[in-house]
Amino acid sequence: MNDDSQILIARLLTHHTLRRDDKLVKRVLSDELFRAEIDARLLACGLKLLDNVYADHVTLALTRAIEPKIFGARDVWQNNNFGLARDGVALLVVLWAQIILPKRERQETHQHAEDDQNDMFDKDKPLPRAEDTSIGISYKALLSDFGDKLGKKTRMDMNLGTLAKLGFIERRGDVLVEGPLLDLMMDTDTLKERIINGALADVFKRPLTAVAVAVAAPDEPQAEPLDVAELIDAGPAFEPAAAELGAAAPTDTPT
């Protein structure tokens, strides 16, 4: 392994996330030979580099093939939900839907957070960074809208503190903004379909938000609504995080 490979992997293991504009991260995302070396070294340890063009950071995750050997090592399957209880997972999904879905829509239309309209020539420009398109949500509005469903103020504050510590969100006064992991660790393809097809509408007994409706295909058939248990238990909502193994002792799947 060359020095750059050692340094990059060691830094990712130590810091959990690195920005996409980091020198070595830029290299691994653009240099096919360097990426192949990193991927091979990580795969030998049951890990993979996790990145997407919509996020400003990269991280490491467990490969799906190794996941059963880690979380299924005991009689009871150990979760990969960072030790979050059911209401914490539901809160995380709500935050993802309200922050990430509209951010991705702005990125795909090349609209910055401060823009009030699209530039007809803007699509020729590079995809905007997450920090230029991501808009936070008000803590007071979140508490008002979802507090009764997610454990009220004390419980929600505790879960928000955990999510901030894990790197999913950041708190800036009354505003909750995207953290390094919110658009990396969530299984976007799975969650987006569940949300668009009515999962959150059923959970909170109210119509889908304009954000969820906006990203749905106009003629897409709507499935039967899911409840919160189905939303969480119907399949992995998260990429299994390498950082989690050193962050906390595994716990049983929350019920």
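**Notebook: a look at helix H3**

I began with what covers the buried residues of H3, and found that the cover includes helix H1 (3–15), helix H2 (23–30), strand S2 (47–50) and strand S3 (57–62). A reminder to myself: this is a predicted model.

Next I asked which residues of H3 are buried. They are Phe34, Ile38 and Leu42. I then looked down the axis of H3 and found these buried residues within an arc of 65°, so they line one face of the helix.

I turned to the other side of H3. The face turned away from the buried side carries the exposed residues Glu32, Leu33 and Leu43.

Then I checked the length. H3 has 12 residues (residues 32–43), so at 1.5 Å a residue it should span 16 Å. Its end C-alpha atoms are 16 Å apart, which agrees.

What sits at the start of H3? I found Asp31 there, with a side-chain oxygen that reaches to within 3.1 Å of the backbone nitrogen of Leu33.

Last, I stepped back to the whole protein. I counted 13 helices and 6 strands in its secondary structure. Of its 255 residues, 44% count as buried. I also looked at contacts between residues at least 6 apart in sequence, and 65% of them join residues at least 24 apart. For the accessible surface I noted about 13200 Å², with 54% of it belonging to carbon and sulfur atoms.

How values were computed
Residues numbered from 1 in each chain as written. Predicted model: local features only at pLDDT ≥ 70, side-chain atom pairs only at ≥ 80, totals over all residues. Heavy atoms only, no water. Helix = DSSP H or I, 4+ residues; strand = E, 2+ residues; numbered from the N terminus. Buried < 20%, exposed > 50% of the residue type's maximum accessible area, 1.4 Å probe, protein only. Contact = heavy atoms within 4.5 Å. Areas by Shrake-Rupley, 256 points an atom, 1.4 Å probe, with all protein chains shown as cover. Expected span 1.5 Å × (residues − 1). Arc of directions from axis to C-beta. Polar contact = N/O pair within 3.5 Å; in protein donor to acceptor, adjacent residues only side chain to side chain.
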